[in-house]
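This briefing is for a reader who is meeting the structure for the first time. Please keep the sequence and the model in view while reading the points below.

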Amino acid sequence: MSISQNKKIILYIIIAFAFSFATRLIWVNDFKDTEQFKFNNEFMINTNDGYIWAEGARDILAGSHQENDLSPVDSAASILTAIIVKILPFQFETIIFYMPAFLGSLLVIPLILIGQSIQKAEVGFIAALIASIANSYYNRTMVGYYDTDMLNIVLPTILLWSLIWAIRTKEDKYILFMALDIVAYRLWYPQSYSLEFAFFGLIGLYVIYQYFKKEDFRFNFALLTFMMFAMMGLDGIYRVAIVLILFGFMKFKNELFIKYLKYIFLLSLVLFFVAGGFDLIWNQLKAYVFKDAVSVTGDDLKLHFYTVAQTVREAGQISFTTFSERISGHTITFLASLIGYIWLSIRFPIMLLGLPLVGLGFLALFGGLRFTVYAVPVMGLGIGFLIVEFSRMITDGVFSNGNKIAQTIVGILLTISVLVPNINHVKEYKVPTVFSKDEVVVLDKLKSIATREDYVVGWWDYGYPIRYYADVKTLSDGGKHSGEVNFPTSFALTNPQDVAAKMIRLDVEYTEKKFALKENEIDKNRTNIASMTLNNGFKDTNDFLLALSGDIKMLPKTRDVYLFLPNNMLNIYPTVKLFSNLDLMSGMMGKNPFFYKTSEFSETAEFIELGNGVRLSKKDASMQVGQNSIKLKRFVKTEYISKEKLNVNVQNVAYDGELNVIYMSNYHQFLVVDEDTYNSTYFQLFVLEQYDDTLFEPTILTPLLKIYKMKI
Ligand code: MN
């Protein structure tokens, strides 16, 4: 590579990186005056899951955290964040907000280097411009999208780059890059396993091909051996050590290394199986295949739980248009990229190494849209190649001697036309922050009220942000929300206050007690609800749940517990209910609650029209729901008479009525709910503030978020 060539590559990298980063500032500019998106003078992040890494980084910087508080202080994302915070002179919030934009933009480097490997740096440059802002890649690396996604595509693209360079140049150093990148990728994202394995399989096939063609396959065989050692199920530090020792062996005793390569490879395979490498694949497969609605758990008391996979609706069919747009910004661009990639692979068969990424991306057609992002870099190379070749062919045809300037202009115009739909997507993609400032102010206040050992109980979606802002413990979060974990919280939020309070107290104390138990102690492997049932002398959980309204054996209270009740939960109330709306003994689902919420309504002389065929007759106060007429039990109006004082006016309409209408005047919304929902702890405490003062006391009550402390 000549000096000027090097300079060109560096220039391309700088331009592409600046382009990628600057495009991400469009969001910042759009919301610069939105104060509700900011806290502590900086934008908040826009992904729930990001708060877990933020919690870990905060605790690393603080130097301590509480036992069993689930803070991920050992995670690569938290450690990297803490290091960056230490080094750079910016505040914590600024760093986590901009980190994805910065790290995500690093994708341009391996792409440009891959272009360089086939002596076509322009191909890599165009690929870098497009891939760095392609819809799905942008969505997962935009400012505030602080999650492992920020390196999840960069690291395998570096892997692709090092494999291409290794196989093309047969230089040892690329083997080392490759092995270290695999270790880093796994540390960063443990689920990376299947992709690494696909790369391994592809190169394995190539080695077999070379073997039968009687070609010299020793270098690639060594490459495979290093891959296997880098991939096995040992701690990263051991794998780095093995890789370094082996690399030294290869470097300095090459003849001996080649002689024993067969055996070293066999050893790597044996170690792979012994270290449980196969279990990793098996577990991933199981997670994909077994997705029942209800799962059965327990040895002595078999209970049925609702599984969360049913409500996380990222999976599922997506249309071809959505699929193409997420990968390339436009269907035509996607098809052109595909043609370009096929052409590129015919001209440079080494580019077939991109297949694992393409394949994983194309899984999106069956497995849901979260996969599309993997195809982005390789499809970028496809369109980059097509544009470069196409503009050369056009200008070769028009100007017989191949006018360089004309070729460049055509190339630039084509690149811009491919970028436009992606930039339009960036402009339209106005994602809000997870919480608004008003909500975070409450959590921040709670931080000074609650201690770090106290529990704040809310639905699992809010777990990570609660822990980050209030520095407390939670029962569930973005990583801990199986059916058995969600059951007690769901039960408490959707049942009356007395049983709710007992259930939460029991769940908190059993959760803490379980942490302390040894593996062989009986309650360790039971779900909390199974322990509660059996320890209270019941064999049937339904009997225990009934007994909960009477005298029940409680565990001693070890800490304070707060309830986290946001207005936003009104949007997911029916989902929350699902997790406890089943018979745990039989798995039979219960009847869905009647729950209707609307903010679009109008009033006529006879009716209050609530939309979707729901209306309230003013004449006889009956509800009409579609064709049915249902008796109204209560009409409730809530209204803030001062900033913090909620006035609740309840009109009892009919004793035997079945539905309740609640008009939350300041929220401009109507709720129509059945009697069970009306009496639920969430409704009584959040919507109506009718708390039982022997069980709960208000801690912080605001229109968007209410916190109560449990008295029992
Ligand atoms: Mn903590």
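What volume does the second largest pocket have? In this predicted model, the second largest pocket has a volume of about 500 Å³. Its lining is made up of 20 residues, and those closest to the centre of the pocket are Tyr12, Glu122, Ile126, Val388 and Thr408. The points below return to this pocket and then turn to the domains, the cavities, the metal site and several individual residues.

**The second largest pocket**
- Helix H6 (121-133), helix H20 (376-398) and helix H21 (404-428) are the elements that give two or more residues to the lining of the second largest pocket.
- Of these, H21 gives the most to the lining, with seven residues.
- By residue type, the lining of the second largest pocket divides into nine nonpolar, six polar and five charged residues.

**Domains**
- The protein chain is divided into domain 1 (5-428), domain 2 (437-569) and domain 3 (593-710).
- Between the C-alpha centres of domain 1 and domain 3 there is a distance of 49 Å.

**Cavities**
- Three cavities of 30 Å³ or more are found when the whole structure is searched.
- The largest cavity holds about 50 Å³ of space, and the residues that line it include Phe39, Phe43, Tyr51, Glu93 and Tyr468.
- Strand S2 (42-43), helix H4 (92-105) and helix H23 (463-470) each supply at least two residues of the lining of the largest cavity, a lining that divides into eight nonpolar, no polar and two charged residues.
- The second largest cavity holds about 40 Å³ of space, and among the residues that line it are Ile130, Ala134, Ser328, Thr333, Met379 and Ile383.
- H6, helix H16 (320-328), helix H17 (331-347) and H20 each supply at least two residues to the lining of the second largest cavity, with the largest share, four residues, coming from H20.
- The lining of the second largest cavity divides into seven nonpolar, four polar and no charged residues.

**The manganese ion**
- Gln66, through OE1, and Asp69, through OD, are the protein donors of the manganese ion, and they lie 2.2 Å from it.
- Gln66 and Asp69 are both buried.

**Two residues with positive phi**
- Most residues other than glycine have a negative phi.
- Gln119, which is not a glycine, has a positive phi near 60°, and this residue is found in the loop between helix H5 (108-117) and H6.
- Glu689 is likewise not a glycine and has a positive phi of about 55°; its place is in the loop between helix H30 (681-687) and strand S16 (696-701).
- Gln119 counts as exposed because its relative accessible area is 59%, and the cut-off for exposed is over 50%.
- Glu689 counts as buried because its relative accessible area is 16%, and the cut-off for buried is under 20%.

**Val661 and its surroundings**
- Val661 is found in strand S14 (residues 659-664), and its relative accessible area of 0% is why it counts as buried.
- Leaving aside residues up to four places away in sequence, Val661 touches Met623, Leu632, Arg634, Phe635, Val636, Phe670, Leu671 and Val672.
- Val661 and Lys597 are 64 residues apart in sequence, while their C-alpha atoms are 9.9 Å apart in space.

Notes. Residues are numbered from 1 along each chain as its sequence is written. This is a predicted model: local features need pLDDT of at least 70, side-chain atom pairs count only at pLDDT 80 or more; totals for chains, interfaces and linings use all residues. Side-chain values use heavy atoms; hydrogens and water are left out. Buried means under 20% relative accessible area, exposed over 50%, partly exposed in between (1.4 Å probe, protein chains only). Contact means heavy atoms within 4.5 Å. On a 1 Å grid over the protein atoms alone, a cavity is a set of points where a 1.4 Å probe fits but cannot get out, and a pocket is an open set with protein on both sides within 12 Å along at least five of seven lines; lining residues have an atom within 4 Å of a point. Grid points are joined across faces, edges and corners, and a volume is the space filled by probe spheres set on the points. Ala, Val, Leu, Ile, Met, Phe, Trp, Tyr, Cys and Pro count as nonpolar, Asp, Glu, Lys and Arg as charged, and the others, Gly among them, as polar. Domain bounds come from an automatic or database domain assignment. Donors are N, O and S atoms within 2.8 Å of the metal (3.2 Å for Na, K and Ca); water is not among the atoms, so sites may look incomplete.
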